[in-house]
Amino acid sequence: MHLQSHRSCPCVLLAEIETHQTRQHFSSLQQSSFVLLSLVVAVTRGSWSILPIPQYPAVRGSVTLSPTGINEKVISVAWFKGTDTNPPNQILTYIPAGPITVAGALNSSRFSAFSNGSLHIKDLLITDQGEYTAKVQTEKTSMDLSVTLTVHEPVTKPKITASTPQPKENEPVTLTCVTSHAVTITWTRRGTSISSGAKLSGDNKTLTFSSITRGDSGEYQCGAQNLVSKDFSDPYVVSVLYGPSEARIEGEVFVRPGYSFTLTCSADSNPPPEFQWKVNDTDTGAKTSKYGVSNAKTEDQGLYTCVVRNPVTLRTATAAVYVNVTAEFVPPGADLPMIIGVTVATVLLLILIAAVTYLFIIHKRRKSSSDTSSMMKGSSRNGQADNATQAMEEHELQYAAIQFSNSTPRKPQKPETIYENRRPQPPPPSDNVVYSDLKLR
């Protein structure tokens with residue numbers, strides 16, 4: 001028996017060894033399957049999440065916390081405020097099979113469940129923000145999902161305030177946009193751009209002019225915006241006080257006695273200035289921009305002064321003109337170019353009149369000479385010409401020749417030529433007087 005037992009022993013040992021190896025192999029496979037299953041579950045559970053809809057909920061709005069990525073049949077979903085899943089923090093439990101909704105300790109009419117297990121919250125309060133946890137139970141597993149809810153407050157309507165309500169020119173001024181819950185603040189100026197001299201603070205809440213000018217006057221607006229809202233301020237009017245500057249007086253300064261005149265004073269000023277009129281340094285009591293005299297006399301002649309005063313800046317400016325009341329009226333605005341033009345025109349007119357007169361005299365003399373020549377020809381044909389008539393004719397011809405040739409010197413003539421010219425010559429035709437004169441020259 002011992003031997004048999006001894007003989008059988010190796011077989012028993014071999015069987016035990018094989019059984020042990022088989023168990024180890026099965027255990028190894030079981031462990032591998034468990035690790036693989038755990039990995040699959042981990043991957044599946046890792047894709048589960050809670051999505052807030054909308055992404056940026058606002059106060060007085062609503063939000064739905066929706067579990068996503070669950071492909072298994074859901075048995076129940078329990079919702080808790082915070083990360084602690086104990087009953088005091090429970091809002092509700094939803095069972096789709098019912099469907100049944102079981103209220104928790106923190107439940108109220110603002111909370112409800114949807115058919116997919118989502119938690120809906122309406123009339124959101126700022127206190128509703130924080131952590132929420134959903135304990136999801138499926139047919140195969142259970143998992144806790146968490147999400148952080150942020151409830152955004154809408155921006156409050158912006159309002160612009162100024163460091164100086166009535167800024168004066170060249171003074172520093174700061175505009176501030178007063179608002180809450182803004183992520184972004186912007187500035188605009190109606191109708192035009194903001195001066196490059198204005199500087200914004202880092203958060204854009206203030207707009208500063210180191211030395212404001214009258215050109216910076218206008219309507220300004222600031223806008224406030226965050227993830228859930230956007231609003232604008234009412235227009236803020238910046239009216240820069242300045243002046244008075246460039247005071248001036250317009251009106252007639254040369255007046256005839258008995259006539260009326262009006263002087264108008266103006267200046268660049270904000271607000272509109274006050275006026276004071278003086279005549280020869282005597283206050284007239286006039287307080288308007290116009291000063292007039294209806295019936296001018298010689299005693300109204302003198303220096304008229306307008307004093308302009310800004311009632312806010314308390315600055316003043318002065319303008320003055322001298323008014324002449326005289327019968328010798330000189331047109332205002334008459335200057336040297338106009339006088340020269342009138343003089344030149346007058347001289348040209350006189351020259352033209354002289355030229356026309358000269359031509360008329362020449363024409364008259366030509367006609368007279370022609371008539372005389374005709375008479376002499378008639379007398380010669382009838383044998384009635386006498387020495388006196390011939391002498392008169394020669395005198396007229398010589399006079400006419402002198403008148404038409406005095407501008408050109410005569411050429412020297414030989415004595416015999418002069419002698420021959422002194423001989424009596426028959427009278428030339430009336431239409432060749434000038435031609436004969438030129439021929440003699």
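Phenylalanine 209 is buried in this predicted model, because its relative accessibility is 3%, under the 20% limit. Its ring pairs with that of tyrosine 220, and the model counts 4 aromatic pairs. The count of disulfides comes to 2.

**Aromatic pairs**

- The ring centres of phenylalanine 209 and tyrosine 220 lie 6.1 Å apart with the planes at 80°, so this pair is edge-to-face.
- Phenylalanine 209 belongs to strand E14 (residues 206-209) and tyrosine 220 to strand E15, so the pair ties together parts that are 11 residues apart in sequence.
- Tyrosine 220 has a relative accessibility of 0% and therefore counts as buried.
- Phenylalanine 261 and tyrosine 304 form another aromatic pair, edge-to-face, with 5.8 Å from centre to centre and 90° between the planes.
- This pair links distant parts of the chain, with phenylalanine 261 in strand E20 and tyrosine 304 in strand E24, 43 residues apart.
- Phenylalanine 261 counts as buried because its relative accessibility is 3%, and tyrosine 304 counts as buried because its value is 1%.
- Ring pairs also join Phe261, Trp277, Tyr291 and Tyr304 into a cluster.

**Disulfides**

- Cysteine 177 and cysteine 222 are joined by a disulfide, with 2.1 Å between their sulfur atoms.
- The link of cysteine 177 and cysteine 222 is right-handed, with 70° about the S-S bond.
- Cysteine 177 is buried because its relative accessible area is 2%, and cysteine 222 is buried because its relative accessible area is 0%.
- Cysteine 265 and cysteine 306 also form a disulfide, their sulfur atoms being 2.1 Å apart.
- The torsion about the S-S bond of cysteine 265 and cysteine 306 is about -90°, so this disulfide is left-handed.
- Cysteine 265 is found in strand E20 (residues 261-270) and cysteine 306 in strand E24 (residues 302-309), so the pair ties together parts that are 41 residues apart in sequence.
- Both cysteine 265 and cysteine 306 are buried.
- With bonded cysteines counted along the protein chain, the disulfides follow the pattern 1-2, 3-4.

- Strand E12 (residues 184-189) has a covered face made up of Ile185, Trp187 and Arg189.
- The uncovered face of strand E12 consists of Thr184, Thr186 and Thr188.
- Strands E12 and E15 pair in the antiparallel sense over 6 bridges.
- Isoleucine 185 has alanine 224 as its bridge partner in E15.

**Lysine 290**

- Lysine 290 is located in strand E23 (residues 290-293).
- Not counting residues up to four places away in sequence, lysine 290 touches Thr262, Leu263, Thr264 and Trp277.
- The side chain of lysine 290 makes a polar contact of 3.1 Å with the side chain of threonine 264.
- Lysine 290 and isoleucine 249 are separated by 41 residues in sequence and by 9.3 Å in space, C-alpha to C-alpha.

Methods:
Residues numbered from 1 in each chain as written. Heavy atoms only, no water. Disulfide = S-S within 2.5 Å. Buried < 20%, exposed > 50% of the residue type's maximum accessible area, 1.4 Å probe, protein only. Helix = DSSP H or I, 4+ residues; strand = E, 2+ residues; numbered from the N terminus. Pairing = 2+ DSSP bridges. Contact = heavy atoms within 4.5 Å. Polar contact = N/O pair within 3.5 Å; in protein donor to acceptor, adjacent residues only side chain to side chain. Phe/Tyr/Trp six-rings, centres within 6.5 Å; stacked < 30°, edge-to-face > 60°.
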